[in-house]
Amino acid sequence: MAQFEELKQAIIDGKAPVSKALTEKMLAEGVRPGEFFPKAIIPAMDEVGRRMRECEFFIPEVLIAARAARASSDILRPLLVGEDAMTAAGIVVCGTVKGDLHDIGKNIVAMMLESAGFKIVDLGVDVTAEKIVNAVRDHQANLVAMSALLTTTMVNMKGVIEALTAAGLRTQVKIMVGGAPVTDAWAHSIGADGYGKDAPSAVELARQLVAA
Ligand code: B1M
């Protein structure tokens, strides 16, 4: 359907008002809420991820595309009930670890995950291990996504994993980590399940982890 292509393009181009207006128009014309994610929003954000990986898009383009995706999904989410209920790809508790106030990268990752159909419980910045443990329990999350930008705070990721283990929740959740100083080797050394280099890789990794 040409309209889904148009919406997909509006999202890629970061045109939030167009994406909002098109979503409203299509709904008024009888398009079912459940069709938007698989036919326009998710393919659009997959394309944004591809462009970012290939350095055709940089942070500003990704942010405005994610905002355009949100303009559409904000309208759709309350409508996704009954038959059209969107099955979340997974429930992700995310946050920047204790002592760390950097949230730009974490927010991009959260927005991209949300656009890819994950339900996000964003705890913000300076998040304690205890808060993450409680959120995993309260929201029955199956994924924890931690971000750290400082070499002095990335050690707190290990504390979160230990706290999840101590609370008996480690087998219930997969854990992914990321942020500028974080590496694959670091992720393995602290017992995380994976490392995301950037937001598109974080989405791919999240999909793999929940499917495993
Ligand atoms: Co800060 N800061 N900062 N800072 N800051 C860095 C990180 C630093 C490298 C700058 C430098 O010295 N060259 C340095 C850290 C040095 C180190 O630890 N080795 C530093 C420092 C020292 C500090 C302070 C200590 C400075 C001071 O006060 N003396 C202080 C610390 C405050 C604190 O956190 N307690 C501080 C403060 C700040 C600001 C508040 C001013 C501001 C943050 C604003 C905000 O986030 N709301 C800030 C900023 C902006 C930066 C730089 C310049 C940019 C960070 C950023 O947003 N990058 C940064 C230098 C740099 O990185 N070039 C720096 C863009 C963002 C899109 O990238 O976050 O890497 P990034 O996210 C990427 C990937 O890493 C990945 O995907 C994202 C998108 O592709 N990713 C994940 C991130 N999380 C992921 C999670 C995943 C998967 C992928 O799965 C879970």
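Predicted model: local features only at pLDDT ≥ 70, side-chain atom pairs only at ≥ 80, totals over all residues.
Local features here need pLDDT of at least 70, side-chain atom pairs count only at pLDDT 80 or more, and totals for chains, interfaces and linings use all residues. Residues are numbered from 1 along each chain as its sequence is written, and side-chain values use heavy atoms, with hydrogens and water left out. Helices (H or I, at least four residues) and strands (E, at least two) are DSSP runs, numbered from the N terminus.

**Around the ligand**

- The ligand is surrounded by 27 residues, where a residue counts as near if one of its heavy atoms lies within 4 Å.
- The closest of these residues are Leu101, His102, Asp103, Ser147 and Thr151.
- Ser147 brings an N or O atom of its side chain to 2.8 Å from a nitrogen atom of the ligand; a polar contact is a pair of N or O atoms within 3.5 Å, and within protein one must be able to donate a hydrogen and the other to accept it, while residues adjacent in sequence count only if both atoms are side-chain atoms.
- Gly99 places a backbone N or O atom 2.9 Å from a nitrogen atom of the ligand, and Ala180 has a backbone N or O atom 3.4 Å from a ligand oxygen atom.
- Two or more residues of the shell come from each of α5 (104–115), β3, β4 and α9 (199–211).
- The largest share, 4 residues, belongs to α5.

- Helix α7 (residues 155–166) runs for 12 residues and reaches 17 Å from its first C-alpha to its last, close to the 16 Å expected.
- Met157, Val160, Ile161 and Leu164 are the buried residues of α7.
- They fall within an arc of 95° seen down the axis of α7, so they line one face of the helix.
- Their packing partners are α6 (129–139), β3 (143–147), β4 (174–178) and α8 (184–189).
- Just after α7 comes Gly168, with a positive phi of about 75°.
- Helix α9 has 13 residues and reaches 18 Å, close to the expected 18 Å.
- Buried residues in α9 include Ala199, Pro200, Val203 and Leu209, and what covers its buried residues includes α3, α5, β3, β4 and β5 (194–196).

**An aromatic pair**

- A search of the whole structure finds 1 aromatic pair; rings of Phe, Tyr and Trp (its six-membered ring) pair if their centres lie within 6.5 Å, with planes under 30 degrees apart counted as stacked, over 60 as edge-to-face and the rest as tilted.
- Phe4 and Phe36 form this pair edge-to-face, at 5.9 Å centre to centre and 80° between the planes.
- Phe4 lies in helix α1 (residues 2–12) and Phe36 in helix α3 (residues 33–53), so the pair ties together parts 32 residues apart in sequence.
- Both Phe4 and Phe36 are buried.

**Single residues to look at**

- Most residues other than glycine have a negative phi.
- Cys55, in the loop between α3 and α4 (59–76), has a positive phi near 60° and is exposed at 52% relative accessible area.
- Asp126, in the loop between β2 (119–122) and α6, has a positive phi near 55° and is partly exposed at 35%.
- Lys98 sits in the loop between β1 (91–96) and α5, and its contacts beyond four places away in sequence include Asp126 and Asn156.
- Ser73 in helix α4 is buried at 6% relative accessible area and touches Phe37 and Ile41, not counting residues up to four places away in sequence.

Key. Expected span 1.5 Å × (residues − 1). Buried < 20%, exposed > 50% of the residue type's maximum accessible area, 1.4 Å probe, protein only. Arc of directions from axis to C-beta. Contact = heavy atoms within 4.5 Å.
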